[in-house]
Structures are given as structure tokens and as C-alpha cells.
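Please read it with the structure open.

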Amino acid sequence: MKAFRHKVSDELGDKLNKQLEKDLDADRAHMSEEELFSFAPFDPGQAERGGYSNYSYWQATFRAFFKNKAAVFFLCLMVCTLLFTFIQPYLPGQRDPLTVHYSEWGLPLNNIPPKNDLGFLLGTNSIGQDLWARIWAGTRTSLFIGFSVALVEAVVGILVGVLWGYVRKLDFFFTELYNILDNIPQTLLLLLISYIMKPGVSTIIFALSLTGWLGMARFIRNQIIIIRDRDYNLASRCLGAPTQRIITKNLLPYLVSVITMRMALAIPGAIGSEVFVTYIGIGLPLDTPSLGNLIQTGRLVMQAPVLRYQLIFPVAILAVITISFYIIGNAFADAADPKNHIN
């Protein structure tokens, strides 16, 4: 049976080959010698068709991010909160956050509950200031501090971390610098700066940025050490690529996901630090609304049940900002990882 099958397959193969040769001979008979031996024209578009891919890193990143429904929800919530925070002063009927309001008899309208007929949406504080206006003014101040500190941390931390991890001659210097600064308690440093400099937003930003970049720098340095001697980096160095090009083209794109996650966590971290230093009495002055000042003021009256709204509302805004940035940062970091990009 096997021999019979082989014989049949060989006969079919011979017949097909003969038929193909006849067809080719017929085609050649109708073609001139110039047509048979003429060069085919070169088409660059056709040459690139074999290696074409519609893959885009950022398109794949955003596509993967928007598949996460929880992250999209918190992104919309965060965007709405940020937009309303900055357009709130320009809406009609808004009050000044620093103005103390008085009644017709000259008495301060202090500790007015949220549900009232005087037009105070969230009530007033202990000296008669509109809590609605103060909460959004404090949110603007805290967000400005958070974004400023996160920007400084990103710029300084990434620059130092890349040089620390890639340039071996600088490893000893940055290691000793890190050990010195990291051993200084941040609370003690904040205390010293607050006593030396005038309390204010710029002082808080300077104090938090002075050592805030250390964590980012060490994290980036560890990641750079892992990937700096991989084959594609060694090949780039052998081909004479400058250090700047290797860092910007080979190293940093690989770290987009982890840098994004650290940046997203740095913003609520800086806001939390501002709340903490104001809570212990070394932060912003009382005439500068911030979430830290509002929480500190609410803590003083939280023993009275009817006045706890002065603590609940700023804590709720702080929780929304912190949770939103955390979830958005982690989701975007996962989406930015090329391992999760599937075409």
C-alpha cells in the first residue's frame, strides 16, 4: 500500500511539473527578448511593505489605559475636580475666602451649618468665613504645591538618577551625597527651614523639594543599572553613539511606565506632606487657605458633632485627589509597559 501511494504521488507530481513547464513555454513564446530580460522598476513603497507596522507606542498606551474602567472613572473625576477648582472663583455668586461675614447686627456669622438660608453652601467656620470658598481656594493652593514639588522631583530625580546609574565615575559621589541627605530627618529639615525662612507657599515648596528627589533618583539609578549593559546599549556604544543619545533613546523610553507611576504618586505625597507640616503648626500661615489649614482648623472643633462638617469636607476633597492620582498613576504605568501592548 505504501509503495502504491508513493507511486501515485510521484506520477501526480510529474504531471503537474510538465503542465507548469508547458504554461511557461507558452507565455515565453508570446514575449519578446527585451521583455524577458528587462529590469523590473524599483518602487520604494513596495520595498517597505514587508516591514510595515501600524504600531504606535502612545496609541497602544492610551488604548490599554482606556480599557481600565476604574481608571477612566477616576480620571474624569480628577479632571472635573481640577477644572472646577480653577473656574470656581469666576462663577457668579462666589464669596472671597478671606472675608469675615457679619449679620445685620454686626455679629460674625460663625459656625453656620451647611443647610442654612443665608447662602453658605457648606456653612462657615469659627470666625465667619465661607467654607465653600475656602475649600476650593485651599485645594488650589495644595494642588499648586503638589504639582510644583512633583515637577522638581521629576527633573532633578531623573537627571541625577540617570547620571548616577549610567556614568560609573559619578557613582561614588552620588552615593555619598544620597547617604548624607537621606540621613537628615525631613521633619527636622522642615522645622529648620520654617524658622529660617518666612512661612509661605514658596517656603513649603523649597523645603519639600530639597530632599524629595532622593527617592526618585535612587529608583531611577537602580533601574538604569539593570538595563545599561544590555546588548542594544553595548551595540550603541560600540557604534560610537554619544552618551546623551543612549540615555534619551535607549534608557529613558524604557522607564516611561515607572517614571509615570512615581510622578503620579509624588503629587498626592507632596499634598500630604503640606497637610502634615501645617497640622503640626509649621506650615502655611492661617491667612493662606490650604487643605492643611482647613484640616487643622477642623480638627480643633471635631469634638462638637454639629461642627464636624468643617473637617469632613476638606478631608473628602483630599481623599478624592489622593485616591484618584494613585489609581490613575498605577493604571497608566501598566498601560505604558510595552509588555502589555498586544496588536
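Predicted model: local features only at pLDDT ≥ 70, side-chain atom pairs only at ≥ 80, totals over all residues.

The numbered points below go from the overall fold to aromatic pairs and cysteines.

1. The protein has 14 helices and zero strands.

2. **Burial and surface.** The protein has 343 residues, and 36% of them count as buried. Its accessible surface comes to about 21,200 Å². Carbon and sulfur atoms account for 64% of that surface.

3. **Contact range.** Take the contacts between residues at least 6 apart in sequence. Of these, 67% join residues at least 24 apart.

4. **Aromatic pairs.** How many aromatic pairs are there in the count? The count comes to twelve. One of them is Phe 65 with Phe 332. The ring centres are 5.9 Å apart, and the planes stand at 65 degrees. That angle is over 60 degrees, so the pair counts as edge-to-face.

5. **Where that pair sits.** Phe 65 belongs to helix H4 (residues 57-65), and Phe 332 to helix H14 (residues 309-336). The two are 267 residues apart, so the pair links distant parts of the chain. Both Phe 65 and Phe 332 are buried. They also belong to one aromatic cluster, together with Phe 62 and Phe 66.

6. Why is the pair of Trp 132 and Trp 136 edge-to-face? The centres of the rings of Trp 132 and Trp 136 are 5.8 Å apart, and their planes are at 75 degrees, so the pair is edge-to-face. Trp 132 and Trp 136 both lie in helix H6 (residues 131-166). They are four residues apart, about one turn of the helix. Both Trp 132 and Trp 136 are buried.

7. A search of the whole structure finds zero disulfides. Cys 76 is in no disulfide. Its nearest cysteine sulfur is that of Cys 80, 6.5 Å away.

8. Is Cys 238 buried or exposed? Cys 238 has a relative accessible area of 69%, over the 50% cut-off, so Cys 238 is exposed. Cys 76 has 44% relative accessibility. That value lies between 20% and 50%, so Cys 76 counts as partly exposed.

Definitions and conventions: Residues numbered from 1 in each chain as written. Heavy atoms only, no water. Buried < 20%, exposed > 50% of the residue type's maximum accessible area, 1.4 Å probe, protein only. Contact = heavy atoms within 4.5 Å. Areas by Shrake-Rupley, 256 points an atom, 1.4 Å probe, with all protein chains shown as cover. Phe/Tyr/Trp six-rings, centres within 6.5 Å; stacked < 30°, edge-to-face > 60°. Disulfide = S-S within 2.5 Å.
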